[in-house]
Amino acid sequence: MIAPYPLRKIEAILSKEGFKTWVVSPEHISQVLKREGAYVVGVSTHDPLGIEPVSLKLSMIFGGGETWTAKFFRELIEKLSNLKKFISFKILVGGPGAWQLINDSRYDSIDVIFIGEAERTLPRIIEKIISGDEIPRVIRGETPSIEEIPPIINPARLGEVQITRGCPRGCWFCSVTPETFRSFPLEIIKREIEINLKHGIRRVEFLTDDLLLYGSEKLRVNHDALVKLFTETMRMGAEGIWFPHISAAPVRESPKTIKAISEIAGYNRDRVVSPVVGLETGSVKILKKYMRAKVYPWRPEEWRDMIIDATIIMNDNYIYPCYTMTIGYPEETDQDVEESIKLVESIIDHGFKAWIFPLPLVPIATTRIRDYPLPTIERLPSRYWDLLYISWRYNLRITRELIPNLTAGVKSRLVKKIISHMIDKVFSSIEWIFKELKETKGLRSLEFSTINLDNISGLIRSIYWLIKISFRRT
Ligand code: SF4
């Protein structure tokens with residue numbers, strides 16, 4: 001089984017401490033438990049209640065209801081709770097979304113909620129569970145030193161390899177804490193790449209909260225360390241390197257680094273990389289209060305120019321950013337959202353290859369804004385819906401423009417034509433939905449709440465509805 005990297009890391013940590021460990025998919029858990037038994041079943045979750053920013057936004061604009069992430073988590077916990085009636089074991093839930101369960105009372109069959117890093121604390125907790133000791137329901141993992149973090153011992157999905165952990169920028173809304181920033185030594189990274197390559201995974205995905213933090217001190221770009229990292233990875237036989245996150249400020253600080261890594265990884269028109277980049281806001285007031293270090297080494301007043309310059313540098317080197325924005329701070333007015341709209345319009349005026357996703361602010365329980373309320377349609381500034389519409393209209397335009405690149409690998413002209421036609425039709429419908437949301441300040445979303453894809457009649461009704469709107473003129 002090719003598992004996600006975090007599960008492989010837990011497997012490496014527990015194996016190093018002498019625990020017998022299986023990594024199992026939810027479909028096979030009953031079989032393995034009945035055959036092998038276990039003291040503990042650990043579940044790694046990203047979004048157990050469906051309130052992670054992207055899920056929350058999508059469920060909000062489509063009328064609320066349970067997201068699929070929440071549904072799959074609920075089904076897995078129900079399955080484990082049933083198994084617990086016949087087999088004795090404890091359920092431990094960890095991972096980046098475990099914070100959602102801290103104050104939630106619906107899952108009383110979960111014995112332990114594990115928050116934070118596992119290396120130091122998890123083996124001790126497992127030990128206690130095996131000995132039958134009492135332990136608190138919520139456990140917070142201590143931060144390990146880099147030497148305490150073992151490399152994975154089995155391949156990770158998509159060739160994932162962690163290169164940094166933590167982020168020193170300390171944005172208030174982010175659960176990645178400043179005091180935990182570390183870069184992994186190149187030998188450890190290479191050992192993990194080697195494991196993936198040995199199992200036939202030739203792509204490499206560098207896991208990091210900001211690629212340009214690799215090897216850095218005091219937030220300054222370490223050009224030599226990054227060039228060495230990319231060069232040695234390609235030399236090992238990787239077919240390409242991708243990465244999920246990069247920050248705009250260091251891109252502007254070191255354009256030569258972006259050029260160098262793009263050339264080494266061989267990015268071009270048909271091989272682009274689209275990392276998530278925090279665009280967050282156009283309001284200097286919001287920026288100064290909630291994410292002051294995000295703009296470092298520049299001044300908050302330079303945020304707009306910095307974003308424009310960084311996007312030019314990225315696009316010139318085939319990096320097409322997915323910009324995410326956080327909207328809904330308590331003191332954020334329509335005037336602040338107006339500043340965000342102006343920033344997005346600057347991106348649009350330049351015709352950059354970029355996507356923009358304005359997300360509602362979610363108060364993650366491990367952040368400085370944990371006591372803020374969850375976003376609702378009523379609480380969002382009313383101009384949010386204009387920002388959402390402008391951004392999505394541009395996203396659809398850019399995706400349409402990039403269809404020839406996205407379908408570069410498709411040989412048949414007929415198949416290409418069909419894909420292009422379908423995308424065109426579906427996009428027209430999506431654009432219409434966002435226009436309706438803008439005109440009704442989000443209230444149109446309540447009509448979508450009747451969509452149900454969990455049974456045949458709901459599915460047929462939804463297909464009928466999609467066909468109907470696909471013939472509607474925008
Ligand atoms: S820069 Fe990104 S990863 Fe770092 S603290 Fe801010 S939001 Fe989190």
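In what order do the strands of the open sheet with E5, E8 and E9 come? I read the order as E5-E8-E9, 3 strands with parallel pairing. Before going on, I note that this is a predicted model, where local features need pLDDT of at least 70, side-chain atom pairs count only at pLDDT 80 or more, and totals for chains, interfaces and linings use all residues. Residues are numbered from 1 along each chain as its sequence is written.

**Entry 1: terms for the elements.** Helices (H or I, at least four residues) and strands (E, at least two) are DSSP runs, numbered from the N terminus. I call two strands paired if DSSP finds at least two bridges between them. For directions I use axes, lines fitted to C-alpha atoms (for helices over the stretch in contact), with angles from 0 to 180 degrees between N-to-C directions.

**Entry 2: whole chain.** I counted 17 helices and 12 strands in the protein chain. The radius of gyration (taken over C-alpha atoms) is 23 Å. The globule rule, 2.2 Å times the number of residues to the power 0.38, also gives 23 Å for 474 residues, so the chain is as compact as a globular protein of that length. Along its principal axes, the C-alpha trace spans about 65 × 55 × 55 Å.

Entry 3: Strand E5 (160-162) and strand E9 (240-242) are the edge strands, each pairing on one side only. From one strand to the next the twist averages 30°. I looked at E5 with strand E8 (residues 203-207): they pair in the parallel sense over 3 bridges. Glutamate 160 has glutamate 205 of E8 opposite.

**Entry 4: the other open sheet.** Here 3 strands run in the order E10-E11-E12, again with parallel pairing. Strand E10 (276-280) and strand E12 (355-360) each have a single partner strand, so one side of each is left without a neighbour in the sheet. Neighbouring strands are turned by 30° against each other on average, direction ignored. E10 pairs with strand E11 (residues 322-327) over 4 bridges, and E11 pairs with E12 over 6 bridges. Which residues stand opposite cysteine 322? I found valine 276 facing cysteine 322, and tryptophan 355 in E12 opposite cysteine 322 as well. Valine 277 has tyrosine 323 in E11 as its bridge partner.

**Entry 5: H13.** Helix H13 lies across E11 and E12 and runs at about 150° to E12. For contact I require C-beta atoms, placed from the backbone, within 7 Å. On the H13 side, the contact includes Trp385, Tyr389, Trp392 and Arg393; among those from H15 are Phe427, Glu431, Phe434 and Lys438. The tally is 10 nonpolar, no polar and 6 charged residues. My classes: Ala, Val, Leu, Ile, Met, Phe, Trp, Tyr, Cys and Pro are nonpolar, Asp, Glu, Lys and Arg are charged, and the others, Gly among them, are polar.

**Entry 6: H7 and H9.** Helix H7 (residues 223-235) packs on helix H9 (residues 255-265) at about 5°, axes 9 Å apart. That makes H7 roughly parallel to H9. His223, Leu226, Val227, Phe230, Thr231 and Met234 of H7 meet Lys256, Thr257, Ala260, Ile261, Ile264 and Ala265 of H9. By class I get 8 nonpolar, 3 polar and 1 charged.

Entry 7: Most residues other than glycine have a negative phi, and most peptide bonds are trans. Leucine 219 is not a glycine, yet has a positive phi of about 65°; I located leucine 219 in the loop between E8 and H7. A cis peptide bond joins tyrosine 296 and proline 297, with omega about 10°. Proline 297 is in the loop between helix H10 (284-290) and helix H11 (303-316).

**Entry 8: ligand shell.** Which residues surround the ligand? I list Cys167, Arg169, Gly170, Cys171, Cys174, Val176, Asp209, Ser247, Gly278, Met291 and Lys294, where near means a C-beta atom, placed from the backbone, within 6 Å. The shell divides into 5 nonpolar, 3 polar and 3 charged residues.

Terms used
Contact = placed C-beta atoms within 7 Å. Parallel < 35°, antiparallel > 145°, perpendicular 65-115°, else oblique.
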